[in-house]
Every structure is written in structure tokens, then in C-alpha cells.
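The sequence and model are shown first.

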Amino acid sequence: MTDNTYFLKVQTTLSSDVSEQVYLQEREVNKLARMDLEGERKVIRDMFVIACYTALRISDIQRLGQANIQNGIITIYQTKTKELAQIPILKEIATIVAQYQADGFPRLNKVKANAIIKDLARECGINETISYKECRGGSVSIKQ
């Protein structure tokens, strides 16, 4: 046992900054959804479109095969928060969800999926340059 409480005064983590959100507009998601694709690129695009319309993280998209999907609702315990989410299946993704529910939802390699989504976005003309704030080691910089 010690009486030394100095450790209580020491900051042990860096302060967290609120990250700026970058998102696609619905017309851009629709451009991606209408692309004529096959194979792995189609599967990754489909999972991305589902993510866009459900707001599920990739860790939860990877677990859709374990989710309860019925009566137009996806019910899943979210990986990050451990909270139960009940998400309505919108008409924009209903056929995609039904197809993979019948065929089986894929497991995605996150790094590969991100690279393919970036390529698909470029191919269909989604290439707007954005500025964002990045905080590293206590310093803030503006990136593009």
C-alpha cells in the first residue's frame, strides 16, 4: 500500500479531438449502386451500399450473416458499442439484402474493401477534393 497519489494528477492519455465527418451524398451512393460490376468488386460495392443506408460499421457489416433479418428489420448487437440496433431495411437496399441473405453474407478484408471503394468512386466520377482537420501529437493541420 502506498500514499503516493501523484499518478492521479498525471494525464495519461492525449485529449481526444472530435473528428470531422466526411460523407457521400445520396446521389453519389446511387452512382456507385448503379455501376455494372461482377465478382469481388460487386460484393464489396454491395456491402458498402448497405453500410451507407444502415449506418452500420464495417465490423457489423461483416457480421450480417449472424444478424436477425426479418420483417424488413435488421436486428444486430453492434460490435463496438455492444448495443442492440434495429435497423429498417430501406427500399434502396432491400433486394441487395435479400440476395445476400439467401446466398450468404461475405467476410470482407477491410483494407482491400477500402481500396476497391476508392477505385470505384474514381471510376464513377466521385472525386471532389475536401479539406479536413487532422490532430496528431497535439498539433493540428489542415489536409486535403
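This is a predicted model: local features need pLDDT of at least 70, side-chain atom pairs count only at pLDDT 80 or more; totals for chains, interfaces and linings use all residues.

A residue counts as exposed when its relative accessible area is over 50%, as buried when that area is under 20%, and as partly exposed in between.

**Exposed loop residues**

N71 has a relative accessible area of 77% and is therefore exposed. N71 sits in the loop that joins β1 to β2, the latter spanning residues 73-77. The phi angle of N71 is positive, about 55 degrees, although N71 is not a glycine. Most residues other than glycine have a negative phi.

A55 also has a positive phi, near 65 degrees, and is likewise a residue other than glycine. A55 belongs to the loop between α2 and α3. With a relative accessibility of 64%, A55 counts as exposed.

Q66 is placed in the loop between α3 and β1. Its relative accessible area is 63%, so Q66 is exposed. The C-alpha atom of Q66 is separated by 9.0 Å from that of F105, a residue 39 positions away along the chain.

**Overall organisation**

The protein contains five helices and five strands. Along the sequence these elements follow the pattern α-α-α-β-β-β-α-α-β-β. Of the 144 residues in the protein, 29% are buried. Among contacts between residues at least 6 apart in sequence, 48% join residues at least 24 apart.

**Helix α1 against helix α2**

Two packed helices are described by the angle between their axes and the distance between the axes. For helix α1 (residues 26-34) and helix α2 (residues 39-54), the axes come within 9 Å and cross at roughly 155 degrees. Angles over 145 degrees count as roughly antiparallel, and α1 and α2 are therefore roughly antiparallel to each other. The crossing of α1 with α2 is left-handed.

On the α1 side, the residues in contact are E26, V29, N30, L32, A33 and R34, and on the α2 side they are R45, F48, V49, C52 and Y53. Sorted by class, this contact has seven nonpolar residues, one polar residue and three charged residues.

A33 is one of the α1 residues in this contact. At 34% relative accessibility, A33 counts as partly exposed. Apart from neighbours within four places in sequence, A33 is in contact with R45 and V49. A33 and I50 are 17 residues apart in sequence, and their C-alpha atoms are 9.8 Å apart in space.

**Helix α2 against helix α5**

The axes of α2 and helix α5 (residues 110-123) come within 10 Å and cross at roughly 90 degrees. This angle makes α2 roughly perpendicular to α5. The residues that make the contact are E40, R41, I44, R45 and F48 of α2 together with K112, A113, I116, I117, L120 and E123 of α5. By class, six of the residues in the contact of α2 with α5 are nonpolar, none is polar and five are charged.

R45 lies in helix α2, and takes part both in the contact with α1 and in the contact with α5. R45 is buried, with a relative accessible area of 6%.

Q62 is located in the loop between α3 (58-61) and β1 (68-70). With a relative accessible area of 18%, Q62 is buried. The side chain of Q62 reaches the backbone oxygen of L108 at 2.3 Å. Not counting residues up to four places away in sequence, Q62 touches P106, R107, L108 and N109.

The table lists the accessibility of the residues discussed.

| Residue | Relative accessible area | Class |
|---|---|---|
| N71 | N71: 77% | exposed |
| A55 | A55: 64% | exposed |
| Q66 | Q66: 63% | exposed |
| A33 | A33: 34% | partly exposed |
| Q62 | Q62: 18% | buried |
| R45 | R45: 6% | buried |

Conventions. Residues are numbered from 1 along each chain as its sequence is written. Side-chain values use heavy atoms; hydrogens and water are left out. Axes are lines fitted to C-alpha atoms, for helices over the stretch in contact, and angles run from 0 to 180 degrees between N-to-C directions. Helices (H or I, at least four residues) and strands (E, at least two) are DSSP runs, numbered from the N terminus. Angles under 35 degrees count as roughly parallel, over 145 as roughly antiparallel, 65 to 115 as roughly perpendicular and the rest as oblique. A crossing is left-handed if the near helix is turned anticlockwise from the far one by less than a right angle, and right-handed if clockwise. Contact means heavy atoms within 4.5 Å. Ala, Val, Leu, Ile, Met, Phe, Trp, Tyr, Cys and Pro count as nonpolar, Asp, Glu, Lys and Arg as charged, and the others, Gly among them, as polar. Buried means under 20% relative accessible area, exposed over 50%, partly exposed in between (1.4 Å probe, protein chains only). A polar contact is a pair of N or O atoms within 3.5 Å; within protein, one must be able to donate a hydrogen and the other to accept it, and residues adjacent in sequence count only if both atoms are side-chain atoms.
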